[in-house]
Number of protein chains: 2
Amino acid sequence: MEVKKITNRDVDFAKWYTDVCMNADLVDYSTVKGSMIIRPLGYAIWEEMQKVLDKMFKETGHENVQMPMFIPESLLNVEKEHVEGFAPEVAWVTHGGAEKLEERMCVRPTSEVLFCDHYKKIIQTYRDLPKLYNQWCTIVRWEKTTRPFLRSREILWQEGHTMHRTKEEAIKETLRMFNIYKTFQENYLAIPVITGKKTEKEKFAGAEVTYTIEAMMYDGYALQNGTSHYFGNHFAEAFGITFLDSDNTLKTPYQTSWGVSTRMIGSLIMVHGDNHGLVLPPKIAPFKVVIIPIGEVAEKLAELEDNLKESGITYKVDNSNKSPGYKFAEAEVKGFPIRIELGERDLKNNQVTLVRRDTLEKITVTFAEIMQNVQNLLEDIQINLFETAKKRRDSMIYEASTYDELLDIAKNKNGFVKINWCGNQECEDKIKEDTQMKSRCLIESEEVTGPCTVCGKKATTRLYVGKQY
Amino acid sequence: MEVKKITNRDVDFAKWYTDVCMNADLVDYSTVKGSMIIRPLGYAIWEEMQKVLDKMFKETGHENVQMPMFIPESLLNVEKEHVEGFAPEVAWVTHGGAEKLEERMCVRPTSEVLFCDHYKKIIQTYRDLPKLYNQWCTIVRWEKTTRPFLRSREILWQEGHTMHRTKEEAIKETLRMFNIYKTFQENYLAIPVITGKKTEKEKFAGAEVTYTIEAMMYDGYALQNGTSHYFGNHFAEAFGITFLDSDNTLKTPYQTSWGVSTRMIGSLIMVHGDNHGLVLPPKIAPFKVVIIPIGEVAEKLAELEDNLKESGITYKVDNSNKSPGYKFAEAEVKGFPIRIELGERDLKNNQVTLVRRDTLEKITVTFAEIMQNVQNLLEDIQINLFETAKKRRDSMIYEASTYDELLDIAKNKNGFVKINWCGNQECEDKIKEDTQMKSRCLIESEEVTGPCTVCGKKATTRLYVGKQY
């Protein structure tokens, strides 16, 4: 049996990405055009993400619910900007069995209107607020192209939808969830992120403000890894949602929504993966350790398994009849943080080989030393992955004070570029046309010191631009 | 604020059921026709069910995956019996955005064909077997009527789909998962179940054998609470799935599928609920305890919360500004297994009142005795709910040796009836026509001693019949 080859990451990054997705058995293409199959390892990573995020959501008072999957056309049409943003890419159900429906329904592309429809019923007084709901589900957007985890007609995600008594409270919630996403991605996925407001052009259809989490992939391209929206009361007004406040007047509540999806698996791959395949940060790896027994080692294997179980460290044993070399390569392609080679001959000399996936460094320890080393390595790997990604990311952030500089960077380098911006969409559009780069987010922490990098007029803000997936 | 009224269970069971669903905030009707909204308590119950079952599935070697949501018409058509069973009740997607699809797709009503399509790609040799996959997802069946958790266009469920090298192994798997369902329902949901094979008429479209889990509701009606199917190699042959066996010959694998859904929440309500509302078995209740503070008890409340957290007992505190009486009624309607009334005056006498939801019995204990009593009560309630349901169920199982007896029972009583049966569908159809009762399952453990209860010819089996939801 031959190990499947992975294209070199520096030669053809797009092909490398697909090779890793396929060879690590994360996904498979389906005969259902536009849809992907998420295979056991891919789904297990998603389950780990769900477990951590769901806990964070619940600890901050959110409750899970399940809204309908379908949206009747008239309901989608209630909020104007929203329907314009989504109608071109929805899947329409027109028939139930043999009968034509009186009104066609789309499969939800997102669920703002469904939540509003429910909130209108269940919100009466200020005592009913806030409503902090979340939903784990599949959404559908009729994409023309398919790329595993990045672009697909069906997307697994969570969508939080909340309603608040005051504007201040809603803005606070928007930022709270935005920060939960940031914490999750940095601490668990080991992905350093750049965060900030989207420009008017790039914000969510119907939102007042969109906050975005932008991660930089190995090739310098951006991946939008999560968004948190403040809606003001646009939707609430369109749906006629009101509550009786304590001062006995009818008011309109303020709304947020926020979501992350299986797209994060794409960024895990493209931030940490290497020419051997997937590299999983220990805190999100479904199995922290893979054990490869070589020869007659049943007794020691059982002992090791007991120790791992006792420490709550998840693991897999590769007991297949493939050669050790093949198993090593497969352990690497699937990204297990630590590989333990449990060899009959080595054990006679009281030796065991541990291999850490991030650096592929081999460490020889005694059997008794395994557990302590595993614990330390898991911590080390988590830190090292984040630091490596951060160093690379920082080295690919550029600064352009003139438009020529921007064009030069766009031509010769990949990464994010900081510019000054006047705030006009024309300049944003011009950058897009000339360089393929789009606005990533505003940089509100930096002072504006020069004119707009594009038009030379007075700049009002600093802005990240970059190419994107 | 007035407590919402619940119709008396013995006066109008159907209305009582809807009242409990709505007043316990389990579900809400949606403006999306045919679909339900699952509210926080309803969804939390489903999450508890998922948690236990998912662990049982994984412990028996199953892996979770996610297949596409859509099935192109040509794919649905591959297995003849299957498409005949499902085509009349699927939702058809005909347009993506403004474009008409070349081939329409239905939203999955079940995923046998999608799994087979994938298995055809990933199964090559006997070393690839067994494949033990499961999927948690939403399916759609275009129902004309809607009843919370029982009948709805969208159903949340899990569907296991497995492929095996031999017939024996596949049959073993069918029975293993069937037994996991039985164990889960009896040990966690506290629902005694009747189990066995479905008749030819009642089995799943495309299956060779269907095993069913039948629960009896308070009113004597049956609810099919889960099924496990053995497919032989019908689907595998239709899809051309083969594997190279160790004897170097190409063979066709054997298949199973098995599923349970949010319908189980319906049976929880209809088996354990009473005139005060929902009654949740402690092992499946998202919150085992509700604490109702009365007066100034902040310090003792904090202490009690610490103790519950330490013991891993989930709880809610009702801190709303409603009256104690209202809170008691709400705690009852929502089915918390134990209510702790933490009153300022009682605490001065070192007294606390515990109320168990199943019997509504009040127990007065000292503050220090709370935890021990809670632990014991949770165990007692779990056992008592099962025993009560079993006693009632057993008292509603009848025997009919003549057709007149069967007609008499059908007219005057509700429950399951044991009969002798010749095995002909004509007799099954006649019972249905005359009594509304359908076959529940074969009783293979009992010896056949008389002629067919319907036609008087030679009986070949014993059979449960009963009315159903």
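The legends below accompany close-up views of a predicted model.

**View 1. The open sheet of chain A comprises 7 strands.** The strand order is β3-β7-β8-β14-β11-β10-β9, and the pairing is mixed. At the edges of the sheet lie β3 (63–64) and β9 (193–197) of chain A, each of which pairs on one side only.

**View 2. Strands β11 and β14 of chain A form an antiparallel pair.** Strand β11 covers residues 222–232 and strand β14 covers residues 254–261, with 5 bridges between the two. Within this part of the model, T227(A) has G259(A) of β14(A) as its bridge partner.

**View 3. Helix α6 of chain A lies across several strands.** The helix, residues 167–187, lies across β8 (154–164), β9, β10 (209–216), β11 and β14 of chain A. Relative to β11(A), helix α6 runs at about 165 degrees.

**View 4. Chains A and B superpose by a turn of 180 degrees.** The superposition of chain A on chain B gives an RMSD of 0.0 Å, with a shift of 0.0 Å along the axis. The two copies are therefore related as by a two-fold rotation axis. Both copies use the same surface, since 98% of the contact residues of chain A recur in chain B. The residue of chain A that comes closest to the rotation axis is V93(A), with its C-alpha at 2.1 Å.

**View 5. Helix α12 of chain B spans residues 370–395.** Because each residue contributes 1.5 Å, the 26 residues of helix α12 should span 38 Å, and the distance of 36 Å between its end C-alpha atoms agrees with this. The buried residues of α12(B) are I370(B), V374(B), L377(B), I381(B), Q382(B), L385(B), A389(B) and R393(B).

Terms used:
Residues are numbered from 1 along each chain as its sequence is written. Chains are lettered from A and ligands numbered from 1 in the order in which they are written. This is a predicted model: local features need pLDDT of at least 70, side-chain atom pairs count only at pLDDT 80 or more; totals for chains, interfaces and linings use all residues. Two strands pair if DSSP finds at least two bridges between them. Helices (H or I, at least four residues) and strands (E, at least two) are DSSP runs, numbered from the N terminus. Two residues are in contact if their C-beta atoms, placed from the backbone, lie within 7 Å. Axes are lines fitted to C-alpha atoms, for helices over the stretch in contact, and angles run from 0 to 180 degrees between N-to-C directions. Copies are superposed by least squares on the C-alpha atoms of residues with pLDDT of at least 70 in both. The expected span of a helix is 1.5 Å times one less than its number of residues. A residue is buried if 20 or more other C-beta atoms lie within 10 Å of its own, exposed if 12 or fewer, and partly exposed in between; C-beta atoms are placed from the backbone.
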